[in-house]
Amino acid sequence: MAIFKIRKISDTYLPSNIASINQVFKILRIHFPTVSEGKIKEILDQKNDPQKYKFSTNIFIAEDGKYNVKGFSILFYMPDKNFCFLDYIAVKPGRTSSGVGGAIYERIREEAQMLKSIGIFMECLPDDDKICADKSKIKQNKSRLAFYERYGARPIVGTKYETSVTPGDDCEPYLVFDDLGNDIRLSSHQAKKIIRAILERKYHDYCPEHYIKEVVASVKDDPIKLREYKYYAKDRPILKNYAIREEIALIINDKHDIHHIKEVGYIESPVRIRSILKEIEKLNAFKIKPSRGYPDKYITQVHNLKYFNYFKTVCDKLPEGKSIYPYVFPVRNVTRPPSDYSVLAGYYCIDTFTPINKSAFLAARSGVNCALTGAELLLEGYHTAYALVRPPGHHAESDVFGGFCYFNNASIAVKFLLKYGKIAILDIDYHHGNGHQQIFYDSKEVLTISIHGNPSFAYPYFTGFADEKGEGSGLNYNVNIPLKKSISGVEYIRYLKKAIKKIIEFRPEYLIVSLGLDTAKGDPTGTWSLNANDFRNNGSELGKIPFPILFVQEGGYKNRTLGINARTFFEGYLSTRVIKNN
Ligand SMILES: [Zn+2]
C-alpha cells in the first residue's frame with residue numbers, strides 16, 4: 001500500500017494549503033463532472049464563513065510524502081442539530097490510491113465522534129436498478145453501500161427523501177446514516193429536523209419549500225428505520241475505529257540502549273527511559289506506536305551536511321567500546337577544520353563531556369525517527385504524542401553537538417511540521433535550549449521559548465540570556481526566560497503561564513515541547529527542586545493549551561524520581577486537556 005498521511009486543512013490561506021486544495025478540486029472535477037465551478041468555489045466560502053451557511057466545513061486530505069493529494073473528504077458539522085454531513089469523499093484515480101478511501105472515512109468518523117455528534121449522514125446513489133434507467137453505475141453504487149454497511153451505516157427507509165426535485169429525474173440518492181457504532185435510535189422528531197437542515201442548508205438554492213415540507217412530512221417511523229443488512233450478516237462485528245484523539249501516542253526509541261557510555265559519572269544512561277516508562281504506563285493513557293523510518297534529508301535540512309557526515313563516519317570508524325571526547329576547540333581559526341578525527345570532534349562540539357562512540361550515531365538517528373513519527377501522528381489526527389527518546393537533542397545546533405545531544409530531535413520535528421503552518425517550541429528543560437534558538441533564530445514562523453537556569457551559572461553558559469530575542473524577521477520570536485538558582489514551584493508556574501500566554505497569542509498550528517525533567521529536586525545537573533506535585537501543576541497548565549502537542553524527551557537525570565515526575569506531569573496534563581476541533 002502506498003504511504004500517505006491524512007490531515008485536516010486548517011485554513012485556506014497558507015500557500016501549502018492552497019496547493020492542496022487545488023489538487024482537491026482537481027479530483028472533485030474528475031469524479032463529479034456535473035458540479036459547477038461556482039459550487040466548487042463555494043466550498044472555500046463555506047469553509048471561511050460557517051455563520052453564513054450554519055455549518056462548519058472540514059476538509060480532510062490524504063497526501064503522500066511528496067504532497068500529492070491522494071484523496072479527500074469534505075465533512076459538514078451542524079452544531080445546532082449536532083450532526084455531521086459527509087458532502088464529498090473521493091480518491092484520485094489510479095492504482096496507488098488503494099486504502100486511501102477507507103482511511104479517510106475512518107478519520108472523519110473519528111472527527112464525528114470527537115465532536116460528540118449523533119453521527120454522519122450522507123447521500124449515496126441507489127444500488128437498486130429498478131429505480132435507475134442508467135444501469136452503468138449500479139455496480140459501483142453497490143460496492144459503495146457495501147463499504148458503509150461494514151460500519152453499520154445503511155440507508156434510511158420509509159421516507160420520501162428519494163423523491164426527485166425535478167419531476168421525471170430518476171436514480172435519486174438514499175440518505176445513509178452512520179451512528180458511529182453508538183446504536184442510536186433516531187426519533188422521527190430528530191430526523192425531521194436533520195432532514196430539513198440538510199435540504200435547507202446544503203441545497204439552499206435548489207430545494208423549494210414545498211418540496212422540503214413534503215419530504216419532512218414523510219418521516220413517519222419513530223424511531224426511524226434503516227434498511228436491513230444487504231451485504232453483510234447482521235451479527236458480523238461492525239468496524240469501530242480508535243478514538244485516537246483521546247489517547248497519547250507514545251513512540252519509544254528502541255535503539256536507545258545501544259548508546260550506553262559505561263563511564264563513571266556519565267549520567268545520560270538507558271535506565272532513564274525505563275524509569276519513565278514504568279511509571280507512565282500506570283496512567284493507561286498511552287498507545288505505543290512503532291517508530292517509522294525517514295530519510296536523512298529531514299536531518300540535513302536542520303543540521304549541516306558536513307557535521308552529519310562527520311558524525312556518521314567517525315562513529316562508524318571507532319572500535320567497539322572506545323569513546324572519544326572533544327579536547328581541542330577551534331577558538332582561533334574556525335574556517336579550517338583539522339583533519340584528524342579526534343581533533344575534529346572539538347570542531348563540531350561545544351563541551352568536553354559529550355563523547356562519540358560506535359553506537360552514538362545509530363542511537364541518535366533512531367531518536368530522530370521517533371520525533372518525526374510523533375510529528376507525523378499529529379498530522380494524522382492525534383492530539384498529543386510523546387517521543388520518549390534518548391540521547392536528548394535540544395543542545396545540538398545546526399553544526400555542533402554537545403550537552404549529551406547529537407541531533408536536535410525536536411527542531412527536526414519542527415522543520416518537518418513547518419510546511420503545515422506556524423510552530424511554537426516550548427523548552428522546559430532546566431538548561432537553555434540553545435539548539436532551537438540557533439536553528440530558528442531568524443524565523444518568525446517558529447516561536448521559540450525556553451525557561452531555564454540563568455546561564456550565568458547554568459550550562460550552556462554562553463547562551464540563554466533574556467536579551468537574545470532573535471534577529472531579522474525572527475526578532476521577538478525567540479524568548480528566553482532565565483531564572484535564579486533556587487526557585488519554588490509556585491514561582492516557576494508564574495513564568496510557565498507567561499510562556500503559555502505568548503504561545504496562545506502566537507496561534508501555532510502545532511506546539512513542540514522539549515520536555516526536560518532535570519528541573520526536579522536533587523537532579524545532578526540542576527539547582528532547582530520541583531517535586532512531583534509541582535510537575536502535576538505544570539502539566540495541568542500545558543493541558544489548557546488548545547493546540548496539538550508533541551512532547552520530546554530531553555534531560556532529567558535523577559533516576560529515583562524521574563518516572564514519578566513524568567507520570568504526575570502527564571496526570572496533570574490529562575486532567576485539564578482540551579481537545580479543540582480546529
Ligand atoms: Zn537539561
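## Terms and basis

A polar contact is a pair of N or O atoms within 3.5 Å; within protein, one must be able to donate a hydrogen and the other to accept it, and residues adjacent in sequence count only if both atoms are side-chain atoms. By that definition, the side chains of Ser136 and Asp134 make a polar contact of 2.7 Å.

The model is predicted: local features need pLDDT of at least 70, side-chain atom pairs count only at pLDDT 80 or more, and totals for chains, interfaces and linings use all residues. Residues are numbered from 1 along each chain as its sequence is written, and side-chain values use heavy atoms, with hydrogens and water left out.

## The chain as a whole

The chain has 17 helices and 16 strands; these are DSSP runs numbered from the N terminus, helices being H or I of at least four residues and strands E of at least two. The radius of gyration is 28 Å, close to the 25 Å of the globule rule for 582 residues, so the chain is as compact as a globular protein of that length. The radius is taken over C-alpha atoms, and the rule is 2.2 Å times the number of residues to the power 0.38. The C-alpha trace spans about 90 × 50 × 50 Å along its principal axes.

Of the 582 residues, 56% are buried (buried is under 20% relative accessible area, exposed over 50%, partly exposed in between, with a 1.4 Å probe and protein chains only). Among contacts with a separation of 6 or more, 75% are between residues 24 or more positions apart; a contact means heavy atoms within 4.5 Å.

Ser10 sits in the loop between β1 (5-8) and α1 (15-31). Its relative accessibility is 24%, so Ser10 counts as partly exposed. Apart from neighbours within four places in sequence, Ser10 is in contact with Asn17, Lys47 and Glu509. The side chains of Ser10 and Glu509 are joined by a polar contact of 2.7 Å. Ser10 and Lys47 are 37 residues apart in sequence, and their C-alpha atoms are 9.5 Å apart.

Ser136 is in the loop between β5 (120-124) and α5 (138-149). Ser136 counts as exposed because its relative accessibility is 54%. From Ser136 to Thr166 there are 30 residues in sequence and 22 Å in space, C-alpha to C-alpha.

## Backbone exceptions

Most residues other than glycine have a negative phi, and most peptide bonds are trans. The peptide bond from Arg390 to Pro391 is cis, with omega near -5 degrees. Pro391 lies in the loop between β11 (384-388) and α13 (409-417). Another cis bond joins Tyr459 and Pro460, where omega is about 5 degrees. Pro460 is placed in the loop between β13 (446-453) and β14 (478-483).

Tyr461 is also in the loop between β13 and β14, and its phi is positive, near 65 degrees. With 44% relative accessibility, Tyr461 counts as partly exposed. Tyr67, not a glycine, has a positive phi of about 65 degrees and lies in the loop between β2 (56-63) and β3 (69-78). Tyr67 counts as partly exposed because its relative accessibility is 25%.
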